[in-house]
Amino acid sequence: MTRVSSSFKVAVSWLLRPAVDPLTRGGAVALAGLRILVGALWLFNVVWKRPPDFGKAADRGLYRFTKDAVDHPVFPPYSWLVEHLVLPHFTPFGYGVLAAETALAVLLLTGTLVRLAALLGVAQSLAIGLSVARTPGEWPWSYWMLIGIHVVLLLTAAGSVAAVDAVRGASIAGRGADTARRLVGGWGAVLALTALWAVTRSAGEDFLASRGTTLEGTGLSVSLGSYNLLGALVLGAVAVLMLLAAALRRREFAWGAAVVAALAAVTLYAQLSRTDVWLGGSNTSAALFLCAAVVSSVTAGRLGSSRHQPSTRETLHA
């Protein structure tokens, strides 16, 4: 019993430890690219998980795809579970899927708890595959490869580059400040470009349009969310605060970005079941704001203090 307990503790420790094991620079960059790519996949796919009924009334969306497990069985015991447990309690299941896929998008894009996110990705990809792999028009290998990608991320140092895990690992080695500054600055630059794109696309439209312009690659299944002009300006404000935090090494700017981004995400989630959404956003928009909140809050603790720290000379002459 003691050995089992010890093994469990070792496994949990490994799962939660920063994914920064020794790796060549090129390999680390490639893994980071793979992690970000699959994070973008989840970021796009959360957009159509729409509360409150997730497509049940119209027999479409998440409900339709989940029901495929019953109509086109892949693994009969799983089909039985969907038919007798999931479909009769579909609303809480829908919120669970939205939460899981949002977590996957946020954790993988930001490189936070990469191993835990990858394990969740294996489970979610398996569940999707068991639901729709036999549905006409589907390509089953899409789901088996998706499982494989998450296994790679689980068992490699996929959090070594452009990741919160890299900040955590560098902090252990006493180099957290520089790594944090680069990460928050990089995210600030990406969000600034996104906000500029959103402002350009929404110019001339209603400032508070309920459904803002969507930022996506036409037909490419890639999206950074939708924003009205107010939403674009809020995203821009978050980006500016993150850039200031990186440039000035001041944690108060990072905390400011985290608070604004978190409030924006909460506002969006509170209104997604309504037709009037203040920031004109979607689940994807909310997830992107959550990414900013996670990066800003984690890096804030590693940046310089907002207070003046006396030098050695000042201390000696005090």
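Reader: Salt bridge here being a side-chain nitrogen of Lys or Arg within 4 Å of a carboxyl oxygen of Asp or Glu, how many does a search of the whole structure find?

Author: Seven. This is a predicted model, where local features need pLDDT of at least 70 and side-chain atom pairs count only at pLDDT 80 or more, while totals for chains, interfaces and linings use all residues. Residues are numbered from 1 along each chain as its sequence is written, and side-chain values use heavy atoms, leaving out hydrogens and water.

Reader: What does Arg168 pair with?

Author: Asp165, in a salt bridge with N and O 2.9 Å apart. Helices are DSSP runs of H or I, at least four residues long, and are numbered from the N terminus.

Reader: Is Asp165 buried or exposed?

Author: Buried, with a relative accessible area of 0%. Arg168 is partly exposed at 22%. Buried means under 20% relative accessible area, exposed over 50%, and partly exposed in between, using a 1.4 Å probe and protein chains only.

Reader: Which residues do salt bridges with shared partners join into one network?

Author: Asp59, Arg64, Asp68 and Asp71. Within that group, Arg64 and Asp68 meet at 3.4 Å, N to O. Both lie in helix 3, four residues apart, about one turn of the helix. Arg64 is partly exposed at 25%, whereas Asp68 is buried at 6%.

Reader: And Lys49, which residue does that bridge to?

Author: Glu101, with the closest N and O atoms 2.9 Å apart. Lys49 is in the loop between helix 2 (25-45) and helix 3 (61-71) and Glu101 is in helix 5 (residues 90-110), so the pair ties together parts 52 residues apart in sequence. Both Lys49 and Glu101 are buried.

Reader: Back to helix 8. At what angle does it pack with helix 9?

Author: About 165° against helix 9 (residues 176-202), with the axes 8 Å apart. Axes are lines fitted to C-alpha atoms over the stretch in contact, and angles run from 0 to 180 degrees between N-to-C directions. Helix 8 and helix 9 are therefore roughly antiparallel (an angle over 145 degrees).

Reader: What residues make the contact?

Author: Helix 8 gives Val164, Ala166, Val167, Ala170 and Ser171, and helix 9 gives Gly176, Thr179, Ala180 and Leu183. Contact means heavy atoms within 4.5 Å.

Reader: How many of them are charged?

Author: None; six are nonpolar and three polar. Ala, Val, Leu, Ile, Met, Phe, Trp, Tyr, Cys and Pro count as nonpolar, Asp, Glu, Lys and Arg as charged, and the others, including Gly, as polar.

Notes. Helices (H or I, at least four residues) and strands (E, at least two) are DSSP runs, numbered from the N terminus. Angles under 35 degrees count as roughly parallel, over 145 as roughly antiparallel, 65 to 115 as roughly perpendicular and the rest as oblique.
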